[in-house]
Amino acid sequence: GFKLGLSKIIEYSVPMLMFLYPLTITLTLLALCEKLFKGSRIVYVLVTVCTCFAASFDLFKTLPEFLQNALNSKLLIVFANKYLPLFNFGLGWIVPVVIGFGLGFAIYLVSDKKFHLQ
């Protein structure tokens, strides 16, 4: 019936939402504070790459059981549990995002100074 269909839609949409919500949060935060780094592309790129990397583990973790088995994603989930802080709470993307922002901001600062010295 209808409930079975709705349950399936929810079952398949949750993994995508777990992948997309960290991207939405990080892009919104970057847009709000882009004056700090003058909208530098490298900051956006590194934060987005780190976010996608970490959020993909949440996607695999929330896939339906048969898809986890078909994709052999149990090893990825074990890896994330071991190496991504806050992964058990669905927040395993936070530390990689902070690292991505730190690297991007450092590159921005170095390149910005280099261009100003010429």
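Predicted model: local features only at pLDDT ≥ 70, side-chain atom pairs only at ≥ 80, totals over all residues.
"Partly exposed" here covers relative accessible areas between the buried limit of under 20% and the exposed limit of over 50%. Isoleucine 99, at a relative accessible area of 49%, therefore counts as partly exposed.

**The nonpolar patch**
- Leu86, Phe89, Ile94, Val95, Val98, Ile99 and Leu103 together make a nonpolar surface patch of about 630 Å².
- One of its members, Ile99, sits in helix H5, which runs over residues 94-117.

**Positive phi at lysine 38**
- As background, most residues other than glycine have a negative phi.
- Lysine 38 isn't a glycine, yet its phi is positive, at about 50°.
- You'll find lysine 38 in the loop that links helix H1 (2-32) to helix H2 (41-62).
- With a relative accessible area of 57%, lysine 38 is exposed, because the cut-off for that label is over 50%.

**Positive phi at asparagine 72**
- Asparagine 72 is another non-glycine residue with a positive phi, this one about 55°.
- Its spot is the loop between helix H3 (65-70) and helix H4 (74-83).
- Asparagine 72 has 51% relative accessibility, so it lands in the exposed class.

Key
Residues numbered from 1 in each chain as written. Heavy atoms only, no water. Patch = residues over 30% accessible without salt bridge, like charges linked within 9 Å, V, L, I, M, F, W, Y side chains within 5 Å. Areas by Shrake-Rupley, 256 points an atom, 1.4 Å probe, with all protein chains shown as cover. Salt bridge = Lys/Arg side-chain N within 4 Å of Asp/Glu carboxyl O. Helix = DSSP H or I, 4+ residues; strand = E, 2+ residues; numbered from the N terminus. Buried < 20%, exposed > 50% of the residue type's maximum accessible area, 1.4 Å probe, protein only.
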